[in-house]
Every structure is written in structure tokens, then in C-alpha cells.
Amino acid sequence: MARILAVDDSPSMRQLVKLALSSGGHEVDVATDGVEALQFADKQQFDVVITDVNMPNMDGIALVKELRRRTNYRFVPLLMLTTESTAERKQQGKEAGATGWLVKPFDPDRLLSIVTKVLA
Amino acid sequence: MSASAAEVHCRCAILGVSAEAAAILLAFAMRESEAPAAALGSALERLEQGLRPPAGAPGRELLSLDVAACVRALQFHDRLMQQLAVIRALLTRLADHPLPQMAGFGALRWEELLAALRERLAAQTHDDLIELLVRTGGVGAPGGAGGAAAEGSSELF
């Protein structure tokens with residue numbers, strides 16, 4: 001079981017990601033944007049962070065950059081889960097330090113298998 | 001100002017008012033839809049927890065498949081919100097006002113808009129607005145660009 005932080009400004013998406021991952025036995029916390037996610041990440045250590053890209057206050061790319069600056073998140077898997085699908089945005093995510101890029105809508109089983117894979 | 005220039009100016013003003021009204025209505029509808037979608041997600045989570053049979057019990061796999069189907073289907077709301085946000089942004093660009101007054105759904109501005117619409121709106125305006133939106137283009141085309149990843153795809157770097 002892993003401790004996962006799911007970040008999305010959409011309440012329904014937060015719930016769906018949480019539902020999908022908790023059904024796989026993971027413990028999931030949720031944050032509404034990058035700023036809140038950083039506050040959570042500074043208070044406790046997560047094994048995986050899954051974040052949307054387009055969010056108010058701080059977007060997912062900026063969040064990944066900020067997390068990678070922290071020594072305790074340098075090697076933690078950071079997954080982008082977004083409707084953004086262009087090669088340019090994906091490259092931005094990669095350069096920021098993201099571990100992977102998942103395009104919505106997500107399949108719960110697929111999401112679980114990816115989380116398992118990046119945790120291995 | 002010539003008669004035709006005045007007519008063009010008037011049409012632009014009508015379009016601006018129409019676009020602003022449409023953007024406000026859209027924002028209102030989007031906000032109203034958030035709570036029901038979130039309630040549905042919460043209910044699904046409770047159902048899944050309440051009905052989950054023990055591991056290996058008959059029906060466990062079926063429940064998991066049904067929950068997965070619900071999770072996939074419920075994501076339509078997020079997708080719809082993203083598309084409507086693009087349309088709202090386009091409408092905002094057409095509007096007379098940049099819409100900062102929308103915070104808290106400014107009732108006063110809404111009354112002004114309704115009055116303006118009643119005064120100015122003609123059937124022709126609807127056609128003009130649609131034509132303008134179509135010309136602006138780009139609505140709901142995320143991922144249409146070359147090299148875009150398919151929906152539901154994933155890539156580990």
C-alpha cells in the first residue's frame with residue numbers, strides 16, 4: 001500500500017482518482033491545486049503524486065518543478081493526469097521532472113497498474 | 001458616422017452584450033453542475049465501500065467492473081467542463097466587458113445585460129453570434145494538433 005497525493009481542481013476528478021486508487025488498497029489524500037499540494041507535501045511524505053496540469057494558483061508543471069527542488073521528492077514518482085495531449089506540453093512536463101504523462105479519461109485498472117509500476 | 005458604419009457598430013455592440021450574457025450563463029451552469037457531479041462521486045465511493053464483498057467472494061469482480069465503468073463514465077463531467085471553459089473564454093473575448101464582474105455572479109451587471117438584450121436583441125443577432133464563434137474556431141479541439149497523444153493513453157518517461 002502506498003500513500004498517494006492526487007491533485008486536481010475538479011472535485012469530481014479528485015473523487016474518481018481517489019476511488020480508483022483506494023480500491024487498489026492505497027491511501028489517498030487530495031489537493032485542489034499546486035499550492036495546496038505543496039503544503040501537504042511539506043507536512044507529510046507521499047510515495048506518489050498524481051497531478052492535473054491546468055489548475056488555478058499553481059499548475060501541475062510548476063508543482064512538479066517545486067517538488068523536484070525538495071530533496072525528499074527528488075526520486076518520488078510524479079505523474080501528470082491531464083486532458084492536455086500535445087507533444088509540446090508533454091515535453092514541458094518531462095523537462096519539469098515528471099515521471100509519466102497520462103491523458104484523461106483514465107481507466108481505473110490502467111491507473112492502478114501504472115502506479116504499481118512506478119512504485120516498483 | 002455613415003449609416004452603414006453605424007449599423008456595424010450597433011451589431012458589434014449587440015454581439016458583445018450577447019456574448020457576455022452567454023458567458024455568464026455558461027459560468028453559472030458550470031458552477032451549478034459541480035455539486036451534483038461531486039455528490040455522485042461520493043455516493044459511488046460509499047456504495048463501493050458498503051457493498052464490497054470479501055476478497056474471493058462471488059460478486060466481488062463484478063462490483064469492481066461496475067465501479068470501474070462508473071469511474072470511466074463519470075469523467076465525462078470533467079471533460080465537459082474543460083470544453084465549456086474554452087467556449088466561455090471565447091465568449092469573453094467577444095464580450096464588451098472582460099467579465100471580472102462575474103465574481104460572485106454580479107447580479108447588477110446581469111440586470112443591465114438583460115435590459116440591454118431586451119432592447120437590442122433581434123433574431124438576426126443569434127445568427128451573427130454563431131457565425132462569429134464558428135469563425136473564431138478552435139472550440140473543443142484539444143489534442144487535435146499533430147503529435148498529440150490519444151485520450152486515455154499513458155507514457156512513462
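Modeller: The radius of gyration here is taken over C-alpha atoms, and the globule rule is 2.2 Å times the number of residues to the power 0.38. This is a predicted model, where local features need pLDDT of at least 70, side-chain atom pairs count only at pLDDT 80 or more, and totals for chains, interfaces and linings use all residues. Residues are numbered from 1 along each chain as its sequence is written, with chains lettered from A and ligands numbered from 1 in the order in which they are written.

Biologist: What radius of gyration does chain A have?

Modeller: Chain A has 13 Å, which agrees with a compact globule, because one of 120 residues would have a radius of gyration near 14 Å. Along the principal axes, its C-alpha atoms fill a box of roughly 30 × 30 × 30 Å.

Biologist: In what order do the elements of chain A run?

Modeller: From the N terminus on, β-α-β-α-β-α-β-α-β-α, so 5 helices and 5 strands. Helices (H or I, at least four residues) and strands (E, at least two) are DSSP runs, numbered from the N terminus.

Biologist: Which residues have the most contacts inside the largest nonpolar core?

Modeller: Ile4(A), Leu5(A), Val7(A), Val49(A), Ile50(A), Leu79(A) and Leu102(A), in a core of 38 residues. Helix α1 (residues 11-22) of chain A gives the most to this core, with 6 residues. A nonpolar core is a set of buried Ala, Val, Leu, Ile, Met, Phe, Trp, Tyr and Cys residues joined through C-beta atoms within 7 Å. Buried means 20 or more other C-beta atoms within 10 Å of a residue's own, exposed 12 or fewer, and partly exposed in between, with C-beta atoms placed from the backbone.

Biologist: And what does Ile4(A) touch?

Modeller: Leaving out residues up to four places away in sequence, its contacts include Leu21(A), Phe46(A), Val48(A) and Val115(A). Two residues are in contact if their C-beta atoms, placed from the backbone, lie within 7 Å.

Biologist: Switching to the contact between the chains, how many residues does it take from each?

Modeller: 34 residues from chain B and 30 residues from chain A. On the side of chain B that touches chain A, α1(B) gives the most, with 8 residues.

Biologist: Which strand of chain A pairs with β1(B)?

Modeller: Strand β5 (residues 100-103) of chain A pairs with β1(B) in the antiparallel sense over 3 bridges. Pairing requires that DSSP finds at least two bridges between two strands.

Biologist: What is the bridge partner of Trp101(A) in β1(B)?

Modeller: Glu155(B).
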